[in-house]
Amino acid sequence: LNRKISLMSKEIEDMKSKVESETTDRMSLSQRLQDDKAALKRTYWEMETKLRNNIEEKEDQVMRLVAERDRLSHELGRVKRALDEERQRACQELEQTASV
């Protein structure tokens, strides 16, 4: 009977040890899962922030390019008008020279 009690006590101790080990493993796994989840969130937010900043930079770049295009278009219009005026003057001078 003592031997049976001793064996059962040993089995109970083994089971306790196994339960404690599994509990520790689960807690460790749970902690790693929480750490991985936090790392993924950080990575997601970092990537989203970089993407948002990149989009803002591109939007600013587009705005600057549009403003530059508009400025150049206005300048081109001014140059064309000046060329037209110069052409008209040259034509008038030729007509006056030809009529004399």
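**Labels and cut-offs**

Author: At 46% relative accessibility, Glu 86 counts as partly exposed. This is a predicted model, in which local features need pLDDT of at least 70, side-chain atom pairs count only at pLDDT 80 or more, and totals for chains, interfaces and linings use all residues. Residues are numbered from 1 along each chain as its sequence is written, and side-chain values use heavy atoms, with hydrogens and water left out.

Reader: Why does Glu 86 count as partly exposed?

Author: Buried means under 20% relative accessible area, exposed over 50%, and partly exposed in between (1.4 Å probe, protein chains only). The value for Glu 86 is 46%, so Glu 86 is partly exposed. Arg 89, with 42%, is partly exposed as well.

Reader: What makes Arg 89 and Glu 86 a salt bridge?

Author: The term requires a side-chain nitrogen of Lys or Arg within 4 Å of a carboxyl oxygen of Asp or Glu. The closest N and O atoms of Arg 89 and Glu 86 are 3.3 Å apart, so the pair forms a salt bridge. Both residues lie in helix α1, 3 residues apart, about one turn of the helix.

Reader: Which residue forms a salt bridge with Asp 84?

Author: Arg 87 does, with closest N and O atoms 2.9 Å apart. The count by this rule comes to 8 salt bridges; among them is Glu 75 with Arg 78, at 2.7 Å from N to O.

Methods
Helix = DSSP H or I, 4+ residues; strand = E, 2+ residues; numbered from the N terminus.
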